[in-house]
2 protein chains.
Amino acid sequence: MARINDNYLKLKAGYLFPEIARRVNAFAQANPDAKIIKLGIGDVTEPLPQACRNAMVKAVEDMGDRANFKGYGPEQGYLWLREAIATNDFQARGCDISPDEIFISDGSKCDTGNILDIFGKDNKIAVTDPVYPVYVDTNVMAGHTGEANEKGEYEGLVYLPISAENDFTAELPNEAVDLIYLCFPNNPTGATATKEYLQKWVDYAKANDSIILFDAAYEAFITDPTLPHSIYEIEGAKECAIEFRSFSKNAGFTGTRCALTVVPKTLKGKANDGSEVELWKLWNRRQSTKFNGVSYIVQRGAEAVYSPEGKAQIKELVNFYLENAKIIREELTKAGLTVYGGVNAPYVWVKTPDGLSSWDFFDKLLHNDNVVGTPGSGFGAAGEGYFRLSAFNSRENVIEAMRRINGK
Amino acid sequence: MARINDNYLKLKAGYLFPEIARRVNAFAQANPDAKIIKLGIGDVTEPLPQACRNAMVKAVEDMGDRANFKGYGPEQGYLWLREAIATNDFQARGCDISPDEIFISDGSKCDTGNILDIFGKDNKIAVTDPVYPVYVDTNVMAGHTGEANEKGEYEGLVYLPISAENDFTAELPNEAVDLIYLCFPNNPTGATATKEYLQKWVDYAKANDSIILFDAAYEAFITDPTLPHSIYEIEGAKECAIEFRSFSKNAGFTGTRCALTVVPKTLKGKANDGSEVELWKLWNRRQSTKFNGVSYIVQRGAEAVYSPEGKAQIKELVNFYLENAKIIREELTKAGLTVYGGVNAPYVWVKTPDGLSSWDFFDKLLHNDNVVGTPGSGFGAAGEGYFRLSAFNSRENVIEAMRRINGK
């Protein structure tokens, strides 16, 4: 009989967001009149920028004209999009990233999971705790861990706790690790990283020949001009870091699907025979073999993000969500809750009151106020006692959710 | 230092199509006036059906309206699309496939590679020879093989030769294998499978507890009413087969990106402890964790394939390419070549003349006639001495390519 990948059996319960959906659906069915406001999953709610829509309609029209029709595109993405990204997201900030180091994909969730394909089984892997669950689950599925303990921590992973005590920025590991996941602005805590802090990580990675997997999906929410948007703003990062970016949260592409991964040609990994191998070549082979590029229509939409109108519309969109985050912070503070994040980030990280567990607070908020958030414990053992609220919703819903929580 | 996945180093040269692109680009640069006609890669050339374009423009408009805006969709795809597929592609042909057994994805290339995620390392795997290279390369990358020999055959894989002698339909293996890749109508040979032939495979798979990975990407090209379009038309297939389908070749979605995979809930695999595990659950977990669904806009385009206008437009498109295939068959036969396929399939499989190797014939056709095909040896050792021509091009280009080859 065909053998399954037994590593899947190590995974605990469902993936976090399907479990939330399950509880919300059950509540909604039992309470059909409840007006549920979702501040749980980090999903955008506002219309796609006009510039992106115009570009996509034009691209659909191209597809109807034999002369402009596009079949298979480059698996790495169209050069015009990669050039726009290299110029605007990297070179404009002093990062020496070239278009051929950029790989367009259909999502950062996919890429942060798929990147493990090119790495071996014997790497020591570090994640923060709490952390975006996909980093952990994909390592479990790839057989890079043992079983989970009762707290949900998997044997073999190095967990770096982040909490109010360390300002939600992990300490460097005491041991040498090979792969390190970092995410700034952080999901779920909304914390940010200074250049000085990231420099410590880059120095550590270079000293230990580690690779940093840097998730910058929320960089557009940075308003503080002293904070870096890209790991490549840090000296030496091109020798030790892969960066993931997405159009999901800046341009509202969660349902449109486009992202990118930067693999500098200067990155190396070690083969069994001790030789050093370019990671770019491996990722390029992976994408050429197991991926067929992103829809031409969607890539044209992403390109429009870099037009003057696109830039203005995206700024407006991001500011809109940031104002939501500000309202959430202020109102929860008024309600007597302790809050973190929500500045330079679309997530507010709340300490649950009265020693409630994260899921108990989830159920309380759902049942009493009909507001959906995300239990901190869903992001890791050290997230227990915390709760994430997302700024992705209409102004009206955010104000109404805060009114309910505040009991006004 | 971070360890790489050493299995990548076993891969021979580049993936086939990038290598073709490299040779064609070199020739084009050296011969800027040459009017190259590409009948190589199986990429469509004709405009996207009007029904699909209308639906996508409407979907882009939805994205501009807060009330209709779509963020993250179900990782498995929208139910309306899965229902249309279940009804039209399966239930209408007597196959008892339900919408929740269908998973929408961005491509069959991705899915045929990614499916290996849910299987273990110790499976015996069979492929035909020649074969679509992605099946082999993704097994190499996943560590399911040893090294390749000088013919390019990987240690550990079971190769089932297909040739004119067995009518391009492989014999059943002499040994028990766990996973079997089958593709009908076949890429690259254009061969088809009768119900009786597929019944033998299903019976074999059930007797040996094997899983058939059935690639039906070209089913729309079947015109013979006696031939099955889906493996699920075969008695017992729901207990032993996963089916891959795509909108690439029927609706011209190679650059638009949409496909689907059917994983019946009746399929089982064996865990290390001997227990049986539903493959559906594993694939659902894989897709929920490492994928975020296909663009809403693209899914609306795919849905339109099943509208009355969509069906009519797709039929016209497929007939157009089938007429091209007929012309290629007839003209090459006139030129004295021996040809196979090209009926119920968009590929014509040509015996190279004068004992030329596949790549020599590729270079000859490129240099003498400025026509690009695909060397049979690129699909496996047993493809040596064959050559694939694709019917995906304009009528004008097909006629002109045949004129050149015929020396008229």
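Modeller: A pocket here is an open set of grid points with protein on both sides within 12 Å along at least five of seven lines. The model is predicted.

Colleague: What volume does the second largest pocket have?
Modeller: Its volume is the space filled by probe spheres set on the grid points. For the second largest pocket, that comes to about 1,100 Å³.

Colleague: Which residues lie nearest the centre of the second largest pocket?
Modeller: The lining holds 46 residues. By class, 17 are nonpolar, 16 polar and 13 charged. Nearest the centre lie A:Gly71, A:Tyr72, A:Gly73, B:Ile41 and B:Asp43.

Colleague: Where does the largest share of the lining of the second largest pocket come from?
Modeller: Several elements each supply at least two residues of this lining. Chain A gives α7 (279-290), while chain B gives α1 (16-30), β1 (37-38) and α4 (108-114). The largest share is 5 residues, and it comes from α1(B).

Colleague: At what angle do α1(B) and α10(B) pack?
Modeller: Two packed helices are described by the angle between their axes and the distance between the axes. The axes of α1(B) and α10(B), residues 358-369, are 11 Å apart. The crossing is right-handed. The angle is about 35°.

Colleague: Which residues of α10(B) meet α1(B)?
Modeller: The residues of this contact divide into 7 nonpolar, 1 polar and 3 charged. From α1(B) come B:Leu16, B:Glu19, B:Ile20, B:Arg23, B:Val24 and B:Phe27. Their partners in α10(B) are B:Trp359, B:Phe362, B:Asp363, B:Leu366 and B:His367.

Colleague: How many residues of α5(B) are buried?
Modeller: Helix α5 of chain B spans residues 133-141 and is mostly covered. B:Met141 is one of its buried residues. Just after the helix, B:Gly143 takes a positive phi of about 80°. The buried count for α5(B) is 9 of 9.

Colleague: How many cavities of 30 Å³ or more are there?
Modeller: A cavity is a set of points where a 1.4 Å probe fits but cannot get out. By this rule, the count is 8.

Colleague: What space lies in the largest cavity?
Modeller: It is lined by 17 residues, and among those nearest its centre are A:Asp106 and B:Asp106. The helices α4 and α7 of both chains each supply at least two lining residues. The lining has 4 nonpolar, 5 polar and 8 charged residues. The space is about 130 Å³.

Colleague: Which residues are closest to the centre of the second largest cavity?
Modeller: About 90 Å³ of space lies in this second largest cavity. Its lining has 15 residues. The closest to its centre are A:Asp106, A:Arg257, A:Ser295, B:Asp106 and B:Ser295.

Colleague: How far apart in space are A:Ile314 and A:Leu48?
Modeller: A:Ile314 sits in helix α9 (residues 308-334) of chain A. A:Ile314 is buried, with a relative accessible area of 9%. In sequence, A:Ile314 and A:Leu48 are 266 residues apart. C-alpha to C-alpha, the distance is 9.1 Å.

Colleague: What omega does the peptide bond from A:Phe184 to A:Pro185 have?
Modeller: A:Pro185 lies in the loop between β5 (179-183) and α6 (195-208) of chain A. The bond from A:Phe184 to A:Pro185 is cis. Its omega is near -15°.

Colleague: And what omega has the bond from B:Asn187 to B:Pro188?
Modeller: B:Pro188 is in the loop between β5 (179-183) and α6 (195-208) of chain B. The bond from B:Asn187 to B:Pro188 is cis, with omega near 15°.

Colleague: What is phi of B:Arg257?
Modeller: B:Arg257 is in the loop between β7 (241-246) and β8 (259-262) of chain B. B:Arg257 is buried, at a relative accessible area of 4%. Its phi is positive, in a residue other than glycine. The value is near 75°.

Note on methods
Residues numbered from 1 in each chain as written. Chains lettered and ligands numbered in written order. Predicted model: local features only at pLDDT ≥ 70, side-chain atom pairs only at ≥ 80, totals over all residues. Heavy atoms only, no water. 1 Å grid on protein atoms, 1.4 Å probe; cavity = no way out; pocket = protein on both sides within 12 Å on 5 of 7 lines; lining within 4 Å. Helix = DSSP H or I, 4+ residues; strand = E, 2+ residues; numbered from the N terminus. Nonpolar A, V, L, I, M, F, W, Y, C, P; charged D, E, K, R; others polar. Axes fitted to C-alpha atoms, helices over the stretch in contact; angles between N-to-C directions. Left-handed = near helix turned anticlockwise from the far one by under 90°. Contact = heavy atoms within 4.5 Å. Buried < 20%, exposed > 50% of the residue type's maximum accessible area, 1.4 Å probe, protein only.
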